[in-house]
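This report describes one protein chain in plain terms. Please look through the sequence and the model below before reading on.

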Amino acid sequence: MKAARCFRAMLCLLMGLGLCGCSDDEQPLPAYVQTLADLEVGNPASRQTLVLEDGERYGLLNMLSGVRPDTMLRVCVAYTAHPDEGGLRLHACEPVFSPMPKPMATLDSLCADPVKVVSVWKTQHRWVNLRVDIPMGGQAQHVCGFVQEWQADAQPKLRLTLYHDQCGDGQQYTTRTYMSIPIRHYADSLVADRDSLEVCVNTPSGWSRHRFAY
């Protein structure tokens, strides 16, 4: 797939929390939250804001290093809220595979090696998110992306299909990972509550299709 990113499935780290007894004068530990989110990096890069799935925005109390200014990153994070300090504190942060869909015309053929779909859901008008199990052998990098197909005068108006080339890798184990499809860029082509879009993924038992109102 030309211009596709070589993809090694990424796991978001889950943090194990040990519980201990507290005396009456000790403060309870803050609750850890794990979620997908958007990380806005300003200019300078020390200005960083986490945008949660409901659109709420929070400043970060501990900044990520090595990120470019004026960028937006799709991430899976574990954080704690500290309202008394005016922001969130990150405890884990991993990038989420979130490429722009490409038209079918840019491909010689559609490769759709099967993956298992765990869940698919839509976040407002910004993202369609997938959680999938990818068969892996550890011998080759997989190539993934999303293909867009428009249908004139039909519903769903937009079909988005997972492109997955296993590149001859084996199937000794599976890796669970998140993917996010940016759909906010279709605001000029799709009308909210009128048009629909469909996400298609080839699975070991056949095609899995998920339709959403835009």
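Which side chain does the side chain of His142 join in a polar contact of 2.8 Å? The partner is His164. A polar contact here is a pair of N or O atoms within 3.5 Å; within protein, one must be able to donate a hydrogen and the other to accept it, and residues adjacent in sequence count only if both atoms are side-chain atoms. The side chain of His142 also makes a polar contact of 2.9 Å with the side chain of Asp169. His142 belongs to strand 10, residues 142-150. His142 counts as buried because its relative accessibility is 1%. Buried means under 20% relative accessible area, exposed means over 50%, and partly exposed lies in between (1.4 Å probe, protein chains only).

This is a predicted model, in which local features need pLDDT of at least 70 and side-chain atom pairs count only at pLDDT 80 or more, while totals for chains, interfaces and linings use all residues. Residues are numbered from 1 along each chain as its sequence is written, and side-chain values use heavy atoms, with hydrogens and water left out.

**The chain as a whole**

The protein chain has 14 strands and zero helices. Both kinds of element are DSSP runs numbered from the N terminus: helices are H or I with at least four residues, strands are E with at least two. Of the 214 residues, 43% count as buried. The accessible surface comes to about 11,600 Å², and carbon and sulfur atoms hold 49% of that surface. Such areas come from the Shrake-Rupley method with a 1.4 Å probe; for residues, only the protein chains shown count as cover. Among the contacts with a separation of 6 or more, 66% are between residues 24 or more positions apart. A contact means heavy atoms within 4.5 Å.

Strand 8 (residues 116-123) and strand 9 run antiparallel and are joined by seven bridges. Two strands pair if DSSP finds at least two bridges between them. Val120 has Leu130 in strand 9 as its bridge partner. The two strands form a hairpin with three residues between them, and Gln124 in the turn has a positive phi of about 45 degrees. Strand 9 covers residues 127-136, and nine of its ten residues are buried.

Strand 9 also pairs with strand 12, in the antiparallel sense, over ten bridges. Strand 12 spans residues 173-182 and contains Arg176. Opposite Arg176 stands Asp133. At 8% relative accessibility Asp133 counts as buried, whereas Arg176, at 39%, counts as partly exposed. Arg176 and Lys116 are 60 residues apart in sequence, yet their C-alpha atoms are 9.1 Å apart in space.

**Salt bridges**

How many salt bridges does the count come to? The count is nine, where a salt bridge is a side-chain nitrogen of Lys or Arg within 4 Å of a carboxyl oxygen of Asp or Glu. The table gives some of these pairs.

| Salt bridge | Distance, N to O |
|---|---|
| Arg74 and Glu53 | 3.0 Å |
| Asp133 and Arg176 | 2.8 Å |
| Arg159 and Glu198 | 2.9 Å |

Arg159 is in strand 11 (residues 158-165) and Glu198 in strand 13, 39 residues apart. Glu198 is buried, with a relative accessible area of 7%. Arg74 is also buried, with a relative accessible area of 4%. Arg74 and Glu53 belong to a network of salt bridges that links them with Asp38 and Arg126.

**Aromatic pairs**

A search of the whole structure finds two aromatic pairs. Rings of Phe, Tyr and Trp (its six-membered ring) pair if their centres lie within 6.5 Å; planes under 30 degrees apart count as stacked, over 60 as edge-to-face and the rest as tilted. Trp121 and Tyr178 form an edge-to-face pair, 6.4 Å centre to centre with 85 degrees between the planes. This pair links distant parts of the chain, as Trp121 is in strand 8 and Tyr178 in strand 12, 57 residues apart. Trp121 is partly exposed, with a relative accessible area of 30%.

The ring centres of Trp150 and Tyr186 are 5.6 Å apart and the planes are at 75 degrees, so this pair is edge-to-face. Trp150 lies in strand 10 and Tyr186 in the loop between strand 12 and strand 13 (196-203), so the pair ties together parts 36 residues apart in sequence. Trp150 counts as partly exposed at 38% relative accessibility, while Tyr186 counts as buried at 6%.
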